[in-house]
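Open the model in your viewer and keep the selection tool at hand.

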Amino acid sequence: MGRVKVCVKQGENISIGFKIKQDGSPLDLSTFDNVTVIVKKAPYVSIPPMFEKVITTTSDLATVGQITSPSNGELQVRFTEEDTSHHVGEYAFIMMLNGNGSKILSHQIVTTKVFT
């Protein structure tokens, strides 16, 4: 997976949509238990997460996000004011599919940048 930037303003409440594809076609997310999103100060296993969200078809769209169209690989990730109130900078953004053999979609150079 290439480099992705998720840009948010410091203290912002925002939902950002993603469409997960495999070989150019939407990946059916209904074959997985959930999608986990983790934000860390650095993409190392030993670094604890700043926050983590477990996203399903029934998770709270207002605070966590939700898989909105499983067969089309579409989901929304909700970043709350608390999530975006950290110091300005770039952070590691990790997205994992869980269940069905677990796949890590992004794991090292995907970043979140927070602006003031």
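The structure holds three aromatic pairs (rings of Phe, Tyr and Trp, the last by its six-membered ring, with centres within 6.5 Å; planes under 30 degrees apart are stacked, over 60 edge-to-face, the rest tilted). Select Phe-18 and Phe-93: their ring centres are 5.7 Å apart and their planes are at 20°, so this pair is stacked. Phe-18 is in strand S2 (residues 14–19) and Phe-93 in strand S9 (residues 89–98), 75 residues apart; strands are DSSP runs of E, at least two residues, numbered from the N terminus. Both Phe-18 and Phe-93 are buried, meaning under 20% relative accessible area with a 1.4 Å probe, protein chains only.

This is a predicted model, in which local features need pLDDT of at least 70 and side-chain atom pairs pLDDT 80 or more, while totals for chains, interfaces and linings use all residues. Residues are numbered from 1 along each chain as its sequence is written, and side-chain values use heavy atoms, without hydrogens and water.

Next, select Phe-51 and Phe-79. Their ring centres lie 6.2 Å apart with planes at 80°, so the pair is edge-to-face. Phe-51 belongs to strand S6 (residues 51–55) and Phe-79 to strand S8 (residues 74–79), so the pair ties together parts 28 residues apart in sequence. Phe-51 counts as buried at 11% relative accessibility, and Phe-79 is buried at 1%. Show Phe-18, Phe-51, Phe-79 and Phe-93 together: ring pairs link them into a cluster.

Last, go to Ser-59, in the loop between S6 and strand S7 (65–69). Ser-59 is buried, at 11% relative accessibility. Its contacts (heavy atoms within 4.5 Å) beyond four places in sequence are Val-54, Val-64, Gly-65 and Gln-66.

Notes
Helices (H or I, at least four residues) and strands (E, at least two) are DSSP runs, numbered from the N terminus. Buried means under 20% relative accessible area, exposed over 50%, partly exposed in between (1.4 Å probe, protein chains only).
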